Amino acid sequence: MKRFAFAAALVAALAVALPAMAATPVYKGTVGPGFTITMASKPNKRGTIKIVVADKSNAHNFHITGPGVNAKTSVPAIGTKTLTVTLKKGTYKFICDPHPFMKGSFTVK
């Protein structure tokens with residue numbers, strides 16, 4: 001009987017712990033070196049995500065805004081930066097602040 005109780009407790013603990021251990025989804029964004037800003041794929045579900053931004057120009061940045069989100073890379077920086085954001089239902093826009101014609105968007109349902 002003790003084994004059954006232990007097994008039941010273990011199953012219950014795993015049922016709670018495993019979803020919390022799920023990996024955070026990772027998306028890739030790129031800005032520059034020309035006048036381009038892109039995301040390789042775009043999220044459509046709510047929750048916390050990471051956007052790994054390859055910033056290839058010191059004249060651009062990657063700025064994402066939307067419901068409760070306002071995160072960006074810096075203009076003079078070149079390199080890779082990870083932005084961690086929590087998405088809610090709504091539309092999100094990413095833009096290069098110095099060049100607002102460089103833009104994109106996605107919607108989370």
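Mentor: Strand S4 (residues 63-66) pairs with S5 in the antiparallel sense over 4 bridges; strands are DSSP runs of E with at least two residues, numbered from the N terminus, and two strands pair if DSSP finds at least two bridges between them. Within this pair, Gly66 stands opposite Val69 in S5. The model is predicted, with pLDDT of at least 70 needed for local features and 80 or more for side-chain atom pairs, while totals for chains, interfaces and linings use all residues. Residues are numbered from 1 along each chain as its sequence is written, and side-chain values use heavy atoms, leaving out hydrogens and water.

Both strands belong to an open sheet of 4 strands, ordered S5-S4-S7-S8 with antiparallel pairing. Its edges are strand S5 (69-72) and strand S8 (99-108), each of which pairs on one side only. On average, neighbouring strands of the sheet are turned by 15° against each other, direction ignored; the axes behind this angle are lines fitted to C-alpha atoms, and angles run from 0 to 180 degrees between N-to-C directions. In general, strands of a sheet pair through backbone hydrogen bonds, either parallel or antiparallel.

A hairpin through 2 residues joins S7 to S8, and Thr91 stands opposite Thr107 in S8.

Thr73 counts as buried because its relative accessibility is 5%, buried meaning under 20% relative accessible area with a 1.4 Å probe and protein chains only. The side chain of Thr73 makes a polar contact with the side chain of Asp55 at 3.2 Å (a pair of N or O atoms within 3.5 Å, one able to donate a hydrogen and the other to accept it; residues adjacent in sequence count only if both atoms are side-chain atoms). The Thr73 side chain also reaches the backbone nitrogen of Phe62 at 2.9 Å.

Leaving aside neighbours within four places in sequence, Ile51 is in contact (heavy atoms within 4.5 Å) with residues including Phe62, Ile64 and Leu83.

Conventions:
Buried < 20%, exposed > 50% of the residue type's maximum accessible area, 1.4 Å probe, protein only.
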